[in-house]
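Here is a short report for a reader meeting this structure for the first time. Please look over the sequence and the model before reading on.

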Amino acid sequence: MQDETIDIHGQTLLVTGAAGFIGSRVARLLLAAERPPSKVIGLDSLNDYYSPQLKRARLAQLADAALDSDCAWRFVQADIADRAALEAVFADYRPSLVIHLAAQAGVRHSIECPQAYIDSNVIGFFNLLEACRHHPVRHLVYASSSSVYGDSHKQPYAEHDRTDSPVSLYAATKKCDELLAAAYASLYRIPATALRLFTVYGPWGRPDMACIRFADRMAAGQDIPLFADGQGWRDFTYIDDTASGILRVLARPPQGLPPHQVLNLGHGHPVTVRQFVAELHDALAAAGALPEGYDLAAHLQSLPAQPGDVEATFADTTALERHCGHRADTPLSEGLRRFADWYVRWWLPNRP
Ligand SMILES: NC(=O)c1ccc[n+]([C@@H]2O[C@H](COP(=O)([O-])OP(=O)(O)OC[C@H]3O[C@@H](n4cnc5c(N)ncnc54)[C@H](O)[C@@H]3O)[C@@H](O)[C@H]2O)c1
């Protein structure tokens, strides 16, 4: 089979989770592309897992960006767990490419609120596959997660490592998606790629994730709780590296049969949470976000590990590089500098 490269120019793309952290950035890159798609359909339920106001602000940015773009932008508020609503979007717009980022995210929340994960990540994902079956697409790229590796001690994580021992329901739903997509690729030849994403951070981030949570505590002069003493290793990946990686992969559908592939999309340079906090502190201090004299060392609070957390996650990214030449190369200090600028400019004055 010949290597296929898809040119997004002139295509109709569907981005689910478009009001989310990663989806909004992907949509922004699409609207700003030199050879943009003809139409980008953003779909999101705007649920209140975290502030819908933040999601609406991201959408407002996209509407502004669309004014300067040759690409048409449409937003549809819909829940992917509503099969008829999703089917109607496919019937109306007939997307040729789909980037699926809508999901109930968050490892810890899945312990308290399991139903939301089944509804969005299992039923919603099944509905999406059915829609792709009835309205064939050239490539479906969907978000999986590094959490599928469980608490395997083998580092870095490579795609062929075992992923059959999830330690959270969130991870189990993401693994379930990979299996469902592989079955649909085999049965109906739907070309699909799972991207196992590794802790994404940056401007317009998620308030339930470490970056904003720690920043808020520092800005308020509070203590910083470090679970597992902050000794867990995370492969913090800058948002633009993640979003551009998604688009690089979109252009390169799987070549084999069945047409399904799984790729890690991470930075490949893990740091401990403790180191991350120290670098975040420095970036926020330089941006003027911290109270006078805030002493980080005096505010670090060591706590035991939490259920569902894993000790280390670290991506082997060689398969991704080989597949499409993508490398996440934004250094943590630079990514945090850009985060801190946004934090001072937008988050502090508008924080929902
Ligand atoms: N951010 C990370 O570090 C990270 C890491 C691994 C995997 N992922 C995955 O990447 C994807 C995007 O994550 P994110 O960080 O942008 O999360 P996010 O919560 O900011 O974005 C997800 C969006 O999906 C929407 N959504 C949720 N359920 C929906 C439903 N049933 N129907 C329609 N819309 C729905 C939400 O309103 C939200 O705007 C998710 O699949 C997530 O599991 C993210």
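This is a predicted model: local features need pLDDT of at least 70, side-chain atom pairs count only at pLDDT 80 or more; totals for chains, interfaces and linings use all residues.

Residues are numbered from 1 along each chain as its sequence is written.

**The sheet**

Seven strands form an open sheet in the order S3-S2-S1-S4-S5-S6-S11, with parallel pairing. Helices (H or I, at least four residues) and strands (E, at least two) are DSSP runs, numbered from the N terminus. Strands pair if DSSP finds at least two bridges between them. Strand S3 (72-77) and strand S11 (260-265) are the edge strands, and each pairs on one side only. From one strand to the next, the twist averages 20 degrees.

Strand S1 (residues 12-16) and strand S2 (residues 39-44) pair in the parallel sense over five bridges. In this pair, Thr-16 stands opposite Leu-43 in S2. H1 packs on the sheet and touches S1, S2, S3 and strand S4 (97-100). The direction of H1 makes about 160 degrees with that of S1. Angles run from 0 to 180 degrees between N-to-C directions, and axes are lines fitted to C-alpha atoms, for helices over the stretch in contact.

**Two helix pairs**

Two packed helices are described by the angle between their axes and the distance between the axes.

| Pair | Angle | Axis distance |
|---|---|---|
| H1 and H2 (residues 52-67) | about 5 degrees | 10 Å |
| H7 (residues 210-219) and H9 (residues 273-286) | about 55 degrees | 10 Å |

H1 and H2 are therefore roughly parallel to each other. Angles under 35 degrees count as roughly parallel, over 145 as roughly antiparallel, 65 to 115 as roughly perpendicular and the rest as oblique. Ser-24, Ala-27, Arg-28, Leu-31 and Ala-32 of H1 meet Arg-58, Gln-61, Leu-62, Ala-65 and Ala-66 of H2. Contact means that the C-beta atoms of two residues, placed from the backbone, lie within 7 Å. The H1 contact with H2 divides into six nonpolar, two polar and two charged residues. Here Ala, Val, Leu, Ile, Met, Phe, Trp, Tyr, Cys and Pro count as nonpolar, Asp, Glu, Lys and Arg as charged, and the others, Gly among them, as polar.

The angle between H7 and H9 is about 55 degrees. That makes H7 oblique to H9. Residues in their contact include Phe-214 and Met-218 of H7 and Val-277 and Leu-280 of H9. The residues of this contact are 10 nonpolar, one polar and no charged.

**Around the ligand**

Which residues come nearest to the ligand? Of the 27 around it, they are Gly-17, Gly-20, Ser-45, Ala-103 and Ala-143. A residue is near a molecule if its C-beta atom, placed from the backbone, lies within 6 Å of it. Helix H1 (21-32), helix H5 (114-134) and strand S5 (139-145) each supply at least two residues of the shell. H1 gives the largest share, three residues. The shell divides into 13 nonpolar, 10 polar and four charged residues.

**Backbone exceptions**

Most residues other than glycine have a negative phi, and most peptide bonds are trans. Gln-155 and Pro-156 are joined by a cis peptide bond, with omega about -10 degrees. Pro-156 lies in the loop between S5 and helix H6 (169-188). The peptide bond from Leu-257 to Pro-258 is also cis, with omega near -5 degrees. Pro-258 sits in the loop between helix H8 (239-250) and S11. Arg-94 is not a glycine, yet has a positive phi of about 50 degrees. Its place is the loop between helix H3 (83-93) and S4.
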